[in-house]
Amino acid sequence: MPFTTPRSRLRFTFSLALLLISVRFLMADTTQATALLQQGRVDEAAASLREILSTQPDDAQAHQLLCRIYYAQEMADNAIHECELAAANDPASSDNQMWLGRAYGLKASHANPFSALSLAVKVRIAFERAVQLDAENIHALNDLGEFYVDAPNLVGGGLDKARTLAGRMQPRFPSQAHRLLALIAEKKREIGIAEAEFSNAVATGKTPEAYIDLGHFYQRHNQPEKMADALQSGIASDHRKGPCLVDAASILTDAHRSPELAETLLRAYLSSSAKTDDAPAFKVHVQLGDLLAHQGNPAAAHREYAAALTLASNYAPARKAMQGS
């Protein structure tokens, strides 16, 4: 064993301490960027992530977070680029594949029919890969199930595939399995079965999301009283005041009902500590601004659009709304 002097041991210990501090610093930066993203402060989050990537260009988590920042702002090409880098640098990550599929889906939703078909194949491959990598990634399972229901057989969709997936989900995720069965039935125009399955999802899970899904079903089928009851149950069960409040407000707005309640829900979400990029705060500010403008309060709407731009200065809908307010 080589002889080590006290001074060399001290240098080694000091170097190791610096390395540990550097690792903790980088991890803290990624954690900070995640927190900023959840709060909707995407300009700050992006700046933090670019600083990390300037020294660690292969950091898969940083690329994934940057993908989600672009995705939240509906910047499909940039989102795809960052998610492809995330998947390339960590191909075993189920979440990386899931977000890559979502980014492809965002671009497909605005593409011409021919391009949309080729993108849809990429969506399916990414979602299926996400589920293969983690059979308990419920978000990826939900995404894949919705794809199978909505996409044509030509690109790998199909109700039989969706039903098989629901069967796989049932033991571990019964509420979400009932939701998928409801979507299948609704696609087949079996409205009574769909209602029963959405109700089963509520009975099994008793989650705010399940109530909101049931309310949305009633809104789509023009049953306003049942819609209102289901939404109220979902609101009451969401003690954290999370994204379900935004979903409820959106459904109410689409149904042209209870604008005051919709406003209250959006403000409650923006004031809560349960914000996530499932409902980015800057988008909610724009949604609230649009609601206020429709109610004849342009000054208050302008303030909401301005608040959105302080969080996401490049968000095109906020810029457009600001110009028109």
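**Helix pairs, step by step**

Where helix 6 passes helix 7, the crossing is left-handed (the near helix is turned anticlockwise from the far one by less than a right angle). Helices here are DSSP runs of H or I, at least four residues, numbered from the N terminus. You're working with a predicted model, where local features need pLDDT of at least 70, side-chain atom pairs need 80 or more, and totals for chains, interfaces and linings use all residues. Residues count from 1 along each chain as its sequence is written, and side-chain values use heavy atoms, leaving out hydrogens and water.

**Exercise 1.** Work out how helix 6 and helix 7 cross, and which residues meet.

*Solution.*
- Step 1: find helix 6 at residues 113–133; its axis comes within 9 Å of the axis of helix 7, crossing at roughly 145° (axes are lines fitted to C-alpha atoms over the stretch in contact; angles between N-to-C directions run from 0 to 180 degrees).
- Step 2: look for contacts (heavy atoms within 4.5 Å). Helix 6 brings Ala-120, Val-123, Arg-124, Phe-127, Glu-128, Ala-130 and Val-131, and helix 7 answers with Ala-140, Leu-141, Asp-143, Leu-144, Phe-147 and Tyr-148.
- Step 3: sort them: 10 nonpolar, no polar and 3 charged (Ala, Val, Leu, Ile, Met, Phe, Trp, Tyr, Cys and Pro are nonpolar, Asp, Glu, Lys and Arg charged, the others, including Gly, polar).

**Exercise 2.** Now take helix 7 and helix 8: at what angle do they pack, and how far apart are their axes?

*Solution.*
- Step 1: helix 7 covers residues 138–150 and helix 8 covers 159–169; they pack at about 155°, with axes 7 Å apart.
- Step 2: that angle is why helix 7 is roughly antiparallel to helix 8 (over 145 degrees).
- Step 3: check the handedness, and you get a left-handed crossing for helix 7 and helix 8.
- Step 4: list who touches whom. Ile-138, Leu-141, Asn-142, Leu-144, Gly-145, Tyr-148 and Val-149 of helix 7 face Leu-159, Lys-161, Ala-162, Leu-165 and Met-169 of helix 8.
- Step 5: this contact splits into 9 nonpolar, 2 polar and 1 charged.

**Exercise 3.** Describe the packing of helix 11 and helix 12.

*Solution.*
- Step 1: helix 11 (residues 208–220) packs on helix 12 (residues 224–237) at about 165°, and the axes lie 8 Å apart.
- Step 2: so helix 11 and helix 12 are roughly antiparallel to each other.
- Step 3: their crossing is left-handed.
- Step 4: spot the partners, including Tyr-211, Ile-212 and Leu-214 from helix 11 and Met-227, Ala-230 and Leu-231 from helix 12.
- Step 5: tally the classes in the contact of helix 11 with helix 12: 8 nonpolar, 5 polar and 1 charged.

Definitions and conventions. Helix = DSSP H or I, 4+ residues; strand = E, 2+ residues; numbered from the N terminus. Parallel < 35°, antiparallel > 145°, perpendicular 65-115°, else oblique.
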